Each structure stands twice: as structure tokens, then as C-alpha cells.
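The following paragraphs lead the reader through a predicted model.

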Amino acid sequence: MSQLPRLISILTLLKSKRLLTATELSKKYDVSIRTIYRDIRKLEEAGVPVTTIEGRGYSIMDHYTVPPVQFTEKQANALITAQHIVNQSKDVSFVTDFNEALIKIKSVFKSSVQEKSELLNDKIRVFNWEYEEFSSDALSEIQLAITNFNYVEINYQKADDYDTTFRKIEPYAFYSTNHKWILIAWCHLRNNYRAFRIDRIKHFKILPLTFENRNFNLQDYFQSCPYK
């Protein structure tokens with residue numbers, strides 16, 4: 001473990017436990033006691049009120065909290081604007097997860113920034129003139145499948161086709177165009193990369209089995225067969 005993650009972990013431990021000795025910490029992180037001494041000094045230099053109790057260990061002064069992240073007014077405005085754009089998405093899971101995340105982010109806004117962001121929120125409108133009844137609720141789960149290399153089974157309906165086909169796919173990337181999310185995946189039925197509109201996936205199942213990364217590159221894909 002490098003120094004920064006170790007410092008964060010030590011700080012978390014000190015906040016959750018009354019006393020910790022240098023010996024305990026050195027064993028936990030598999031470093032020398034001298035390294036722990038240097039880490040404690042780093043925390044003190046950063047303003048963390050570490051108390052040394054001779055012969056007993058280290059602790060943090062009562063009521064110490066890590067300062068919350070502060071957002072500027074422009075950063076808050078960017079998030080509010082992004083919310084209006086995201087809400088135009090046709091995928092319910094993505095919209096829901098973004099809005100729930102934004103509620104948590106707003107909780108650390110300063111009151112003055114919160115007030116102005118609410119004012120801006122009432123002054124933004126995003127229009128979508130191309131209405132389609134199709135919608136989806138799969139994007140959030142498929143994002144997890146992409147980052148964890150999980151196989152996905154889907155029932156897919158092509159445009160102007162009432163029948164669905166069963167596919168086993170390896171999801172690699174996605175993009176958005178005209179408020180539609182497009183998934184790029186290796187299709188085992190076609191034995192090649194294919195693009196799937198997520199709102200045309202009728203049913204899907206994320207499998208626990210993982211696939212070997214084919215080192216798919218999105219930019220190379222667009223250069224060879226853009227938007228296919």
C-alpha cells in the first residue's frame with residue numbers, strides 16, 4: 001500500500017478506535033515502526049489533531065471531523081445543469097441513480113450555494129423534440145457488467161421487428177445519441193462486435209461468469225464502423 005492510501009486508512013482507524021499503538025499499525029500495514037512514526041507526523045502536519053499518549057498509543061481529539069468537500073457556485077451550477085440533461089435520458093435506472101447521487105452531493109453545498117443552485121434550477125429547460133415511447137431500465141446494471149467483465153444474456157428486438165432474439169454478449173462500452181443509449185458488445189450469436197440500443201433490450205440477465213478482456217477500444221471502433 002502506498003503512503004496516501006495508508007494515511008487515509010490510519011486516519012479512519014484513529015477515528016473509529018480509541019487508542020492505537022505504532023506496533024499495531026506497523027503489523028497491520030506491514031511496514032516498519034519508523035514508517036508509522038513518519039505517517040503520524042504527516043497527519044499532524046496536515047492539521048489532524050493526533051494525540052500521543054506516552055506508553056499507550058495514538059488517538060484523535062474528540063469531535064474531530066474531516067472537513068467536507070466544498071463546491072464553488074459554478075461547480076454546483078454545472079451539476080444542476082447536468083441533472084436537467086440526464087433527466088432527458090430514456091433509461092430509468094440511470095436517471096434514478098444520478099438523482100439519488102445528486103441529493104447526497106447537494107447535502108454538502110454551503111447554504112448560499114444551495115440557494116443559488118435552486119434559483120438556477122427553476123431557470124433551465126431542456127427540450128427533446130423527437131419523442132419515442134421506448135424506454136429502458138437496464139443501464140445501471142449493464143454499467144456494472146462492463147466494469148466487472150460479466151457476461152450478459154439479453155432478449156433483443158430490432159427496429160421494425162416484433163420478434164426477439166436471444167443473445168449472450170460481452171459488454172464493452174456505450175454511447176448516447178439522440179437521447180438513446182447504445183451498447184457495444186461482443187455478440188456470441190454473430191461472433192463479432194455489435195451495437196444494441198439499450199431501450200430495445202426486452203429482458204436481460206447479468207451472469208456471475210466473467211469473460212476475458214478483448215481490449216476493446218472505443219475510438220478504434222468509431223473509426224472502423226462509426227454508429228453501426
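A residue is called buried when its relative accessible area is under 20%, exposed when it is over 50%, and partly exposed in between. By this rule F174, with a relative accessible area of 25%, is partly exposed, whereas W181, at 16%, is buried. The rings of these two residues, F174 and W181, have their centres 5.5 Å apart and their planes at 70°, so the pair is edge-to-face.

The model contains 14 aromatic pairs. Another of them joins F149 and F211: the ring centres are 5.7 Å apart and the planes stand at 80°, so this pair too is edge-to-face. It links distant parts of the chain, since F149 lies in the loop between α7 and β3 and F211 in the loop between β7 and α8 (218–224), 62 residues apart. F149 is partly exposed, with a relative accessible area of 30%, while F211 is buried at 6%. Both residues belong to one aromatic cluster, whose members include Y151, Y172, W186 and F222.

Strand β3 provides the next point of reference. Six of its eight residues are buried, which leaves the strand mostly covered. On one pairing, β3 runs antiparallel to β7 (residues 201–210) over six bridges, with V152 bridged to I206 of β7. A further antiparallel pairing, also over six bridges, joins β3 to β4 (residues 164–177); here Y156 has T165 of β4 as its bridge partner. β3 and β4 form a hairpin with six residues between them, and D160 in the turn has a positive phi of about 60°.

The contacts of F196 beyond its sequence neighbours include I154, Y156, I169, W181 and L183.

Which residues of α1 are buried? They are R6, L7, I10, L11 and L14. These cover an arc of only 140° around the axis, which puts them on the same side of α1. An α-helix has 3.6 residues a turn, so residues three or four places apart point the same way. The buried residues of α1 are covered by elements including α2 (22–29), α3 (33–45), β1 (50–53) and β2 (57–60), whereas the face turned away from the buried side carries the exposed residues I8 and S16.

Note on methods
Residues numbered from 1 in each chain as written. Predicted model: local features only at pLDDT ≥ 70, side-chain atom pairs only at ≥ 80, totals over all residues. Heavy atoms only, no water. Buried < 20%, exposed > 50% of the residue type's maximum accessible area, 1.4 Å probe, protein only. Helix = DSSP H or I, 4+ residues; strand = E, 2+ residues; numbered from the N terminus. Arc of directions from axis to C-beta. Contact = heavy atoms within 4.5 Å. Pairing = 2+ DSSP bridges. Phe/Tyr/Trp six-rings, centres within 6.5 Å; stacked < 30°, edge-to-face > 60°.
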